[in-house]
Amino acid sequence: MSVPTSLDVEQARPRLHELTVVDVRTPGEFASGHLPDALNVPLDRLVRSLPELRPAADRGALLIVCASGARSDSAVRTLASHGIPASSLAGGTEAWAAGGNALEYPGGGAPLRAVWAMERQVRFAAGTLVLLGLLLGLLLHPAFSLLSAAIGGGLVFSALTGTCGMAVLLGRLPFNRRSGEVRP
């Protein structure tokens, strides 16, 4: 069965009842609002979740969702490399909400807390570390400038490989996890 790699909100909305929606954002982001009946499988746990996702894909099409569409595109490629067809929601939950569609929240109420999207967290952390490295390099010792160079190198590596080590690390912070969740 041929599955499109991407669906926009207008294509996904009428098919939502037949799709298995998998949200690949962190649990903290997921708690800030997700598509109706979505399952939360953070991107860094996607490969470990293949045994559960394969039967779901056999029952019907998978719709992979993130905040903007970037992580879901990566997840679709990962799933395809394991023989699981899936589609990404173009524009992610941002486009879904902007289209006037409702988001669900844990417990059925309002968002538990506002959590920045992972891309925003990465930009903030990277920018802070670059500025810190430059400032410490000017004030204390020039070797601190290497911190800025390392962050720049990491960002280039991230762009070339489509992976992001900083996002994985940030995903392990308490505000990006479910309450009481313990990670190795």
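Trainee: What do the buried residues of α3 pack against?
Mentor: Keep in mind that this is a predicted model. In it, the buried residues of α3 pack against β2 (20-23), β4 (62-65) and α4 (70-81).

Trainee: Which residues of helix α3 are the buried ones?
Mentor: Helix α3 covers residues 50-59, and its buried residues are Leu 50, Leu 53, Ala 56 and Ala 57. Looking down the axis of α3, you find them within an arc of 125°, so they line one face of the helix.

Trainee: And what is exposed on the other side of α3?
Mentor: There you have Pro 51, Glu 52, Asp 58 and Arg 59, which are exposed.

Trainee: Okay, on to the strands. How many bridges join β2 to β4, and do they run parallel or antiparallel?
Mentor: β2 and β4 run parallel and are joined by four bridges. For instance, Thr 20 has Leu 62 in β4 as its bridge partner.

Trainee: What about β2 and β3, how many bridges there?
Mentor: Two bridges, and β2 pairs with strand β3 (residues 39-40) in the parallel sense. Asp 23 is bridged to Asn 40 in β3.

Trainee: So what's the strand order in the whole sheet?
Mentor: The order is β1-β5-β4-β2-β3, five strands in an open sheet with parallel pairing. At the edges stand β1 (6-7) and β3, and each has a single partner strand, so one side of each is left without a neighbour in the sheet.

Trainee: Changing topic: which residues form the nonpolar patch on the surface?
Mentor: That patch is formed by Leu 135, Leu 138, Leu 139, Leu 140 and Phe 144, and together they have about 570 Å² of accessible area.

Trainee: Where is Leu 135 found?
Mentor: Leu 135 sits in helix α6, residues 118-139. With a relative accessible area of 47%, Leu 135 is partly exposed.

Trainee: Last one, Leu 173. Where is its place, and why does it count as partly exposed?
Mentor: Leu 173 lies in the segment after α8 (165-171). Its relative accessibility is 31%, so Leu 173 counts as partly exposed.

Trainee: What separates the C-alpha atoms of Leu 173 and Gly 28?
Mentor: A distance of 9.6 Å separates those C-alpha atoms, while Leu 173 and Gly 28 are 145 residues apart along the chain.

Trainee: Great, thanks!

Key: Residues numbered from 1 in each chain as written. Predicted model: local features only at pLDDT ≥ 70, side-chain atom pairs only at ≥ 80, totals over all residues. Heavy atoms only, no water. Buried < 20%, exposed > 50% of the residue type's maximum accessible area, 1.4 Å probe, protein only. Patch = residues over 30% accessible without salt bridge, like charges linked within 9 Å, V, L, I, M, F, W, Y side chains within 5 Å. Areas by Shrake-Rupley, 256 points an atom, 1.4 Å probe, with all protein chains shown as cover. Salt bridge = Lys/Arg side-chain N within 4 Å of Asp/Glu carboxyl O. Arc of directions from axis to C-beta. Contact = heavy atoms within 4.5 Å. Pairing = 2+ DSSP bridges.
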